[in-house]
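User: Could you walk me through reading a few features of this model? I'd like the general idea first and then the case at hand.

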Amino acid sequence: MLRFLTAGESHGQCLTAILEGLPAGLKINIDEINQKLARRQTGYGRGGRMKIETDKVDILSGVRFAETLGDPITLQIKNRDWSNWLQKMSVTGEPFGEKVTAARPGHADLVGIHKYDRKDIRDILERASARETAAKVAVGAVCQQFLQDIGISVFSHVVNIGGVEIDRHNINYAKLANNTSDLNCLDEAAETKMRQKIREAGQAGDTLGGIFEVIVKGAPEGLGSHIQWDKRLDGKLAQSLMSIQAIKAVEIGEGVSYAYNPGSKMHDEMFYDENKQVYRRTNHAGGLEGGMTNGEDIVLRAVMKPIPTLMSPLHSIDIETKQEVLASKERSDVCAVAAASIVGAAMAAFTIADAVLEQFGGHAMNDVKKAIENYQKRLGKR
Ligand SMILES: Cc1cc2nc3c(=O)[nH]c(=O)nc-3n(C[C@H](O)[C@H](O)[C@H](O)COP(=O)(O)O)c2cc1C
Ligand SMILES: C=C(O[C@@H]1CC(C(=O)O)=C[C@@H](OP(=O)(O)O)[C@H]1O)C(=O)O
C-alpha cells in the first residue's frame with residue numbers, strides 16, 4: 001500500500017510530507033520535483049503570496065545517491081513567508097496580533113471554529129489553506145517518476161475558467177507533455193479570453209473557478225477492481241481529486257453526458273484488429289469500466305469553485321461581536337485553476353501508483369517491472 005500524510009500550516013515554518021510504500025531502486029530527480037512545484041505556483045490570477053514563495057523540496061529521508069531505499073520518504077518545502085509571521089505563528093508564548101473573527105463564506109472558517117472550539121479563525125484557516133497543495137505536488141511528482149519508469153504518464157490542462165471553454169476541436173494534445181502556458185491551457189485563443197475574464201474579476205474584487213482535465217496514458221488494463229466498493233479505481237480517483245481544496249465536482253470520461261444520451265451513443269464499442277488485439281473507436285468511459293482501467297487513456301475532470309476570499313467581501317457574521325459584518329479580506333488569489341490542475345495531476349499520479357503497487361506488489365523496482373511484464377505477456381499485449 002502506498003500512503004502519504006502532509007503536515008504544516010500556511011504561514012508556519014514548512015510543509016512536510018511522508019510518502020511510504022514506493023519500492024527501492026527508483027531513480028529520483030529532484031529538479032523534476034522542483035519544476036512541478038514551480039508550475040503549481042504559476043497561473044495568471046494568483047495573489048501576492050506567490051511572489052514571496054519559491055518552492056523547493058528538501059528530501060530528508062528515504063533516498064540515497066538519488067535512488068529510493070524502500071524507506072518512508074520525507075519531503076519538506078520551506079515557507080519563505082514564515083519569517084514575516086514569526087510572532088503570529090509562534091509555537092510558544094502568548095497570543096500575538098489581531099484575531100480573525102469575520103468568517104468567510106465558502107472557506108473552512110466557521111465550521112472549523114465550531115468543531116475545534118477555537119476563538120481565532122486563523123487557527124482553522126492556516127491548515128485549511130491550499131498552501132498544503134505544495135506538499136501534495138511534491139508527493140505526486142515522486143509518484144510520477146515511479147509511473148514514468150513503467151511507461152505511465154500523467155498530464156493535466158485547464159479546460160474552462162469562469163465559463164470560458166477551450167475549443168476541443170482545436171487542441172494539439174501532443175503539447176500536453178511540455179505545455180508552458182502559465183494557465184496550463186492548450187488553446188491560445190481561449191487562454192486570452194480567460195486572462196481577460198480573470199482581469200475583470202480581479203478589478204471587480206471578485207473571484208473565478210473553472211475546470212481542469214487530467215489524462216493518464218499508458219496505464220495497464222485491470223488496475224482497480226469491481227469486486228468491492230473500496231477497490232474501485234474510479235471511486236479512488238474521484239476521491240483523490242475531490243479532496244483537493246475547492247474542488248466541488250469530478251467527472252470521469254463523458255460523466256455528466258451519460259445523463260442526456262442513450263446507451264447506443266455512450267458505450268464504447270469493441271473491435272479486433274488484424275492481430276486480434278481489442279480496440280475501441282471512442283473513449284466515453286474515460287478509460288474505466290467496472291472500476292478497472294480498460295487500457296484506454298484515463299480521462300478525469302474536476303470543477304473548482306471560485307476562490308472564497310473576495311476583495312469585495314460577502315455578507316457574513318463576526319464570531320466575537322455576534323454582529324452581521326462583511327467577511328474578512330486576506331491577501332488572496334483571484335483564480336487558481338491552473339495551480340489546481342497541477343495538484344490534480346499529482347493526486348491522480350499518487351492514486352494510480354498505489355493501484356499499480358497493489359496489483360504488482362514488489363519492494364524492489366526490478367520486481368515490479370518483472371510482474372508487469374509477466375501480466376502483459378499473459379494478456380497477450382505487445
Ligand atoms: C491552488 C489553490 C489556491 C487557493 N487559493 C486560495 C486563496 O488564495 N484564497 C482562498 O480563500 N481560497 C483559496 N483556495 C481555496 C480554499 O483553500 C478552499 O476553498 C478552502 O480550503 C475551503 O475548502 P473547500 O472549498 O474544499 O470547501 C485555493 C485552492 C487551491 C486548490
Ligand atoms: C500559499 C498558497 O496558496 C494560498 C491558499 C490560500 C487558501 O486560503 O487556500 C490563501 C492564500 O494564502 P495567503 O493568505 O498566504 O496569501 C494563497 O496564497 C499556495 O498555493 O502556495
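User: Which residues does UniProt list for "binding site"?

Analyst: UniProt positions are given here in the numbering used for this structure, with feature names shortened, and annotations may be inferred rather than shown by experiment. The unreviewed UniProt entry lists R40 and R46 under "binding site". This is a predicted model, where local features need pLDDT of at least 70 and side-chain atom pairs count only at pLDDT 80 or more, while totals for chains, interfaces and linings use all residues. Residues are numbered from 1 along each chain as its sequence is written, and chains are lettered from A and ligands numbered from 1 in the order in which they are written.

User: Is R40 buried or exposed?

Analyst: A residue is buried if 20 or more other C-beta atoms lie within 10 Å of its own, exposed if 12 or fewer, and partly exposed in between, with C-beta atoms placed from the backbone. R40 counts as buried because it has 29 C-beta neighbours inside 10 Å. R46 is buried too, with 21 other C-beta atoms within 10 Å. For contrast, Q239 is exposed, with 12.

User: Where is R46, and what does R46 contact?

Analyst: Helices are DSSP runs of H or I with at least four residues, strands are runs of E with at least two, and both are numbered from the N terminus. R46 lies in the loop between α1 and α2 (49-52), whereas R40 belongs to helix α1. Two residues are in contact if their C-beta atoms, placed from the backbone, lie within 7 Å. Leaving aside neighbours within four places in sequence, R46 contacts D333, A336 and A339. Not counting residues up to four places away, the partners of R40 include A339, I342 and V343.

User: How do helices α1 and α9 pack?

Analyst: Axes are lines fitted to C-alpha atoms, for helices over the stretch in contact, and angles run from 0 to 180 degrees between N-to-C directions. Helix α1 (residues 30-41) packs on helix α9 (residues 337-360) at about 150°, with the axes 7 Å apart. K36, R39 and R40 of α1 meet A339, I342 and V343 of α9.

User: How many residues surround ligand 1, and which are the closest?

Analyst: A residue is near a molecule if its C-beta atom, placed from the backbone, lies within 6 Å of it. Ligand 1 is surrounded by 21 residues, the closest being A130, Q245, T309, D333 and A336. Helix α9 gives the largest share of this shell, 3 residues.
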